[in-house]
Amino acid sequence: LETSFDVARMTTFLQTHGATVINLMIVDNLFVVAYTLSFVGLALYAMTRQRLFAIVALVFALLTSASDITENALTIALARAAVGGVALESNWLLLLQLLAQWKWMWIYVGVTLFAVTLWDSTRLARSVAVLFLIFPLIGVLAPASITLGLLRIVWMFVLLIAGGIFLWRMSVENPKRL
C-alpha cells in the first residue's frame with residue numbers, strides 16, 4: 001500500500017482483499033496505541049534526565065502516532081470505497097505514501113532523541129540506547145528493499161520490548177523516579 005501508484009492494481013487489490021486490509025488496520029491501530037503509550041512512558045522517565053529532549057522526542061512520537069492513525073483511517077476508507085465499486089484516484093495513493101513516509105521520518109527523530117536521553121553509565125541504558133540508534137539506520141534504508149522494510153517493522157517490536165524491559169527495570173531499581 002505504501003509503494004504503488006498503479007490505481008487499477010490497487011483498486012483490484014483492495015476490492016479482493018478489502019476485509020483483510022481493514023482487519024489489519026484495526027490491529028495496526030492497536031499497535032499505535034501500544035507504541036504511543038510506550039513513548040509516553042519513556043518520555044516521563046526521560047523528563048527527569050533531559051526535559052527538553054524528552055519533550056521534543058515525545059512531540060515527534062506523537063506526530064508519528066497521528067500520521068499512522070491518519071494513514072490507517074485513509075486505508076480503511078479506500079478499502080471500503082474499492083469494495084463498494086469506487087475506483088481509486090492517484091492523489092489518494094500519493095497521500096497514503098506521504099503519510100507513511102512522514103510517520104517513519106518523525107519516529108526516527110523521536111527515537112534518536114530518546115536514545116540521547118536514555119544514555120548513561122549503566123549497561124542496560126546504553127544497550128537500549130544503541131538499539132534505539134540502530135532503528136533510524138535501518139529505517140532510512142528500508143525503502144530500498146522489502147527485506148529492510150520488514151526488518152524496520154520487526155525492529156520496532158524490538159524497541160518496544162527493550163523499552164518495556166528498561167522501564168520495568170528502572171521502576172524496580174528506583175520506584176520513586178518513575
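**Note on the salt bridges and overall build of a predicted helical model**

1. The structure holds four salt bridges. A salt bridge here is a side-chain nitrogen of Lys or Arg within 4 Å of a carboxyl oxygen of Asp or Glu. This is a predicted model: local features need pLDDT of at least 70, side-chain atom pairs count only at pLDDT 80 or more, and totals for chains, interfaces and linings use all residues. Residues are numbered from 1 along each chain as its sequence is written, and side-chain values use heavy atoms, with hydrogens and water left out.

2. Lys-103 and Asp-68 are one of the pairs, with N to O at 3.8 Å. Helices are DSSP runs of H or I with at least four residues, strands are runs of E with at least two, and both are numbered from the N terminus.

3. Are these two residues buried or exposed? Lys-103 counts as buried, at 7% relative accessibility. Asp-68 is buried too, with a relative accessible area of 3%. Buried means under 20% relative accessible area, exposed means over 50%, and partly exposed lies in between (1.4 Å probe, protein chains only).

4. Lys-103 also meets Glu-71 in a salt bridge, at 2.8 Å from N to O. This pair links distant parts of the chain, with Lys-103 in helix α3 and Glu-71 in helix α2, 32 residues apart. Both Lys-103 and Glu-71 are buried.

5. Arg-169 forms a salt bridge with Glu-173, and their closest N and O atoms are 3.1 Å apart. Both residues lie in helix α5 (residues 146-173), four residues apart, or about one turn of the helix. Arg-169 is partly exposed, with a relative accessible area of 35%. As for shared partners, salt bridges join Asp-68, Glu-71 and Lys-103 into one network.

6. Ser-65 also belongs to helix α2. Ser-65 is buried, at 6% relative accessible area. Which residues does Ser-65 touch, not counting those up to four places away in sequence? They are Val-32, Tyr-35 and Thr-36. A contact means heavy atoms within 4.5 Å. Ser-65 and Ala-77 are 12 residues apart in sequence, and their C-alpha atoms are 18 Å apart in space.

7. The surface carries a nonpolar patch made of Phe-5, Trp-92, Leu-94, Leu-95, Leu-98 and Trp-102. Together they have about 540 Å² of accessible area. Patches take residues with over 30% relative accessible area and no salt bridge; nonpolar side chains (Val, Leu, Ile, Met, Phe, Trp, Tyr) are joined within 5 Å, like charges within 9 Å. Leu-94 sits in helix α3 (residues 90-118). Leu-94 is partly exposed, at 41% relative accessible area.

8. Now the whole chain. The protein has five helices and zero strands, in the order α-α-α-α-α from the N terminus. Its C-alpha atoms fill a box of roughly 55 × 30 × 25 Å along the principal axes. Of the 178 residues, 40% count as buried. Among contacts with a separation of 6 or more, 74% come from residues 24 or more positions apart.

9. The protein exposes about 9,500 Å², and carbon and sulfur atoms supply 72% of that area. Accessible areas come from the Shrake-Rupley method with a 1.4 Å probe.
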